[in-house]
Amino acid sequence: VTILQGIKNRAGKKVKVYYSEGVRPPEFFVGMDQTLISLMINESVKLAKKCDLVLFAGGISPQLEGEEMPVKVEGFSGGDRTNLEMPASQLQLLEKLKSTGKAVVLILTNGSALSVNWAQENLPAIVEAWYPGEEGGNAVADVLFGDYNPAGRLPVTFYKSVNDLPAFDNYSMEGRTYRYFTSKPLYAFGYGLSYSKFEYSDVTLSKNRVSENDTVVVIVNIHNSGAFDGDEVVQLYVKQPAGIEGQPLLALKAFSRANILTGETRKVELRLPVGQLRHFEPKTGDYEVAKGNYELLIGAASDDIRLRAVLKVE
């Protein structure tokens with residue numbers, strides 16, 4: 001479970017849950033008649049007005065996204081995505097629910113990134129649940145009620161729009177993924193919130209000058225200045241020396257999850273074998289580790305770099 005937008009814990013509250021279940025084809029929910037959508041929205045709004053908080057489970061499903069699927073729904077082509085938006089009917093409902101003045105928490109289920117721009121700007125909390133399996137409801141409940149301090153981090157980039165990406169039939173990596181994407185993402189690779197706040201300081205390297213067969217240990221102090229014990233996922237990215245063609249803007253090379261008590265400062269170690277710095281060299285047709293200065297970037301996400309250091313490969 002990854003928290004994309006903040007939510008405050010309110011423990012000790014009684015909860016009444018309203019739900020219904022049934023099996024319908026995906027086209028029923030996403031492409032249904034507008035009159036039926038309006039009726040369902042009106043009923044949902046009436047119910048929301050009686051509640052203190054709305055938990056909205058939305059997004060897409062494996063019945064919609066996949067390979068060579070017989071799906072005929074706006075936004076999809078044979079299971080492939082033609083846009084990154086949530087289904088329009090869900091957005092309509094979210095907007096109506098927000099207009100009630102009640103707090104709305106969006107719980108996303110999806111297998112690929114969604115452009116939840118409206119939700120990011122208008123809702124107090126977003127929980128990324130992916131396709132969580134039979135214990136997914138318990139996992140989300142533990143996070144929402146503060147029984148578990150979340151530490152999930154995004155394994156993909158969430159873009160603001162499909163228009164920020166190259167054409168679907170363009171197989172070049174340019175402009176794709178956190179490694180080559182130059183615009184501002186909606187949520188970056190490696191991003192994820194916590195009920196705690198973590199501060200980074202004092203990065204040191206076991207060696208500053210290394211050869212290809214060495215391993216360098218990167219040590220950083222992490223302080224939990226929040227009110228809750230929690231996990232921080234410390235991430236180490238690397239920039240190649242200048243002048244090497246076709247290299248990414250940065251690349252994740254190591255990470256470490258550390259449980260840190262509130263008020264505690266812990267030394268976190270990240271091991272970096274120098275051989276992982278290799279790149280493919282077209283001139284020789286082989287992989288090699290270039291000599292030069294590598295910039296090490298340590299942070300909480302690919303766009304949240306807290307500390308920097310330089311490693312010289314000789």
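Mentor: What follows is a set of questions and answers on this predicted model.

Trainee: Let's start with helices. How do you know that the length of helix H3 fits a helix?

Mentor: H3 runs over residues 88–99, and its 12 residues at 1.5 Å a residue should span 16 Å. The end C-alpha atoms are 17 Å apart, which agrees.

Trainee: And what makes one side of H3 the buried face?

Mentor: Start with the residues: Ser89, Gln90, Leu93, Leu94 and Leu97 are the buried residues of H3. Looking down the axis of H3, you find these buried residues within an arc of 135°, so they line one face of the helix. Ala88 and Ser99 sit on the other side of H3 and are exposed.

Trainee: Why is Ser99 called exposed?

Mentor: Its relative accessibility is 59%, and the label needs over 50%, so Ser99 counts as exposed.

Trainee: Which residue just after H3 takes a positive phi?

Mentor: That's Gly101, with a phi of about 90°.

Trainee: What makes the buried residues of H2 a face?

Mentor: Ile37, Ile41, Val45 and Ala48 are the buried ones in H2. Down the axis of H2 they fall within an arc of 70°, so they line one face of the helix. Turned away from that buried side is a face with the exposed residues Thr35, Leu39 and Lys46.

Trainee: Which residues form the nonpolar surface patch with Leu39?

Mentor: Leu36 and Met40 do, and the three together have about 260 Å² of accessible area.

Trainee: Why is Met40 called partly exposed?

Mentor: Met40, in helix H2 (residues 34–48), has 40% relative accessibility. The label covers values between 20% and 50%, so Met40 counts as partly exposed.

Trainee: On to charges. How many salt bridges are there?

Mentor: The count comes to 9.

Trainee: What makes Arg153 and Glu232 one of them?

Mentor: Their N to O distance is 3.0 Å, and the rule asks for a Lys or Arg side-chain nitrogen within 4 Å of a carboxyl oxygen of Asp or Glu, so the pair qualifies. Arg153 is in the loop between helix H5 (136–144) and helix H6 (177–180), and Glu232 is in strand E10 (residues 230–239), so the pair ties together parts that are 79 residues apart in sequence. Both Arg153 and Glu232 are buried.

Trainee: What does the salt bridge between Glu65 and Arg81 tie together?

Mentor: The closest N and O atoms of that pair are 4.0 Å apart. Glu65 is in the loop between strand E2 (53–59) and strand E3 (76–77), while Arg81 is in strand E4 (residues 80–81), so the link joins parts 16 residues apart in sequence.

Trainee: Are Glu65 and Arg81 buried or exposed, and why?

Mentor: Buried means under 20%. Glu65 has 13% relative accessibility, so it counts as buried, and Arg81 has 16%, so Arg81 counts as buried too.

Trainee: And why are Arg266 and Glu264 called partly exposed?

Mentor: Those two form a salt bridge as well, with the closest N and O atoms 3.4 Å apart. Arg266 has 33% relative accessibility and so counts as partly exposed; Glu264 has 21%, which gives Glu264 that label too.

Trainee: Why is Ser161 called buried?

Mentor: Ser161 has a relative accessible area of 19%, and the cut-off is under 20%, so it is buried. Ser161 lies in the loop between H5 and H6, and a polar atom of its side chain is 3.0 Å from the backbone nitrogen of Asn163.

Terms used: Residues numbered from 1 in each chain as written. Predicted model: local features only at pLDDT ≥ 70, side-chain atom pairs only at ≥ 80, totals over all residues. Heavy atoms only, no water. Helix = DSSP H or I, 4+ residues; strand = E, 2+ residues; numbered from the N terminus. Expected span 1.5 Å × (residues − 1). Buried < 20%, exposed > 50% of the residue type's maximum accessible area, 1.4 Å probe, protein only. Arc of directions from axis to C-beta. Patch = residues over 30% accessible without salt bridge, like charges linked within 9 Å, V, L, I, M, F, W, Y side chains within 5 Å. Areas by Shrake-Rupley, 256 points an atom, 1.4 Å probe, with all protein chains shown as cover. Polar contact = N/O pair within 3.5 Å; in protein donor to acceptor, adjacent residues only side chain to side chain.
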